[in-house]
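Reader: I am new to this structure. Can you show me how to read a ligand site?

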Amino acid sequence: MSTTDKRVAIVTGASRGIGKSIALRLAGNPASPGGGRHVILVSRSAAPLNDLKAQITEAGGTADVLACDVADAKALAQGIEETAERLGRLDILVNNAGITKDGLALRMSDEDWNIVLQTNLTSAFVAIRAAARSMMRGKFGRIVNISSTSGVVGNAGQANYAAAKAGLLGLTKSIARELGGKGITCNAVAPGFITTDMTENLPQQVKDHVLGLMAVKRLGVGEDIAACVAYLTSDESGFITGQTICVDGGMTMC
Ligand code: NAD
């Protein structure tokens, strides 16, 4: 028996940036596709999530906070399973939490390789495994993995990050095939250059270069990604699965 009529959505890395935009969009306007969800806000520390929950509540939405390090597989799985148990349902999972530890491959430490793989890729697998049983029970599920254009076309200085983000694409397609018959879709969104804390410290030269590659001639914002995620997690997107959508202003067109 579920304790809420709303579809329940877990968004990892919701404290800021793209994850925050996704959480606000999913918790927002119930009349727009993908809106009106009860959103579980996941990130390492509770304080920014509590602020976001207050913002969502003030706007008429509902949310809960789950403070958890996604690189801690046991804690992540337990948090997701307990949430599904408590609410009696889990419909949507957005694996968005991610980090970078950039450097040339030949100089990259094992630590920087491992933590990026654990945080960006393994956490998504762990979260999907923990969430899938509830989705199967409800005969409905929408999983979106936030990859990157670096995972699609590669990027010098990001061997760890690009490998993790490319790994997400294989994970996405395999889960789509395994769970498609249960009413569960799994897709990937690959952002290009989005203005967030993750990218703000990059040199202006790099930003100008990226801008030059974009067909739409502007850098992306979190809401650009959130709009795509809202559709892919909506009830009406059930025939789209195993796809990677590059939301990158036409930078890669792949
Ligand atoms: P950000 O650094 O602004 O936010 C990352 C979020 O993930 C934060 O909420 C952070 O607290 C959370 N997080 C990181 N490690 C965590 C951990 N171990 N446990 C729990 N939470 C953790 O980054 P962003 O720019 O908003 O990026 C969000 C996602 O989009 C990432 O997966 C990133 O790789 C991807 N992406 C971003 C861009 C971009 O241009 N910003 C481009 C392509 C892909």
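Author: We will go through the ligand, its contacts and its pocket. Keep in mind that the model is predicted.

Reader: Which residues come nearest to the ligand?

Author: Start with the shell, the residues around the ligand. Here the shell has 30 residues, and Ser15, Arg16, Asn96, Tyr161 and Thr196 come nearest. By class, 13 are nonpolar, 12 polar and 5 charged.

Reader: Which helices each supply at least two residues of that shell?

Author: They are α1 (17–27), α6 (159–179) and α7 (197–200). The largest share, 3 residues, comes from α7.

Reader: How do I read polar contacts?

Author: Look for pairs of N or O atoms within 3.5 Å. Take serine 43: an N or O atom of its side chain is 2.9 Å from an oxygen atom of the ligand. Lysine 165 has a polar side-chain atom 2.8 Å from a ligand oxygen. With valine 70, a backbone N or O atom lies 2.9 Å from a nitrogen atom of the ligand.

Reader: How much of the ligand's 830 Å² does the protein bury?

Author: Compare the ligand alone with the ligand in place. Alone, the ligand exposes 830 Å², and the protein buries 95% of that.

Reader: Where does the ligand sit?

Author: In the largest pocket. That pocket holds about 1300 Å³ of space. Its lining has 49 residues, with Thr100, Tyr161, Thr196, Met198 and Thr199 nearest the centre.

Reader: Which element gives the largest share of the lining?

Author: That is α8, with 4 residues. By class, the lining has 20 nonpolar, 23 polar and 6 charged residues.

Key: Residues numbered from 1 in each chain as written. Predicted model: local features only at pLDDT ≥ 70, side-chain atom pairs only at ≥ 80, totals over all residues. Heavy atoms only, no water. Near = heavy atom within 4 Å. Polar contact = N/O pair within 3.5 Å; in protein donor to acceptor, adjacent residues only side chain to side chain. Areas by Shrake-Rupley, 256 points an atom, 1.4 Å probe, with all protein chains shown as cover. 1 Å grid on protein atoms, 1.4 Å probe; cavity = no way out; pocket = protein on both sides within 12 Å on 5 of 7 lines; lining within 4 Å. Sits in = over half its atoms within 2 Å of the grid points. Nonpolar A, V, L, I, M, F, W, Y, C, P; charged D, E, K, R; others polar. Points joined across faces, edges and corners; volume = space filled by probe spheres on them.
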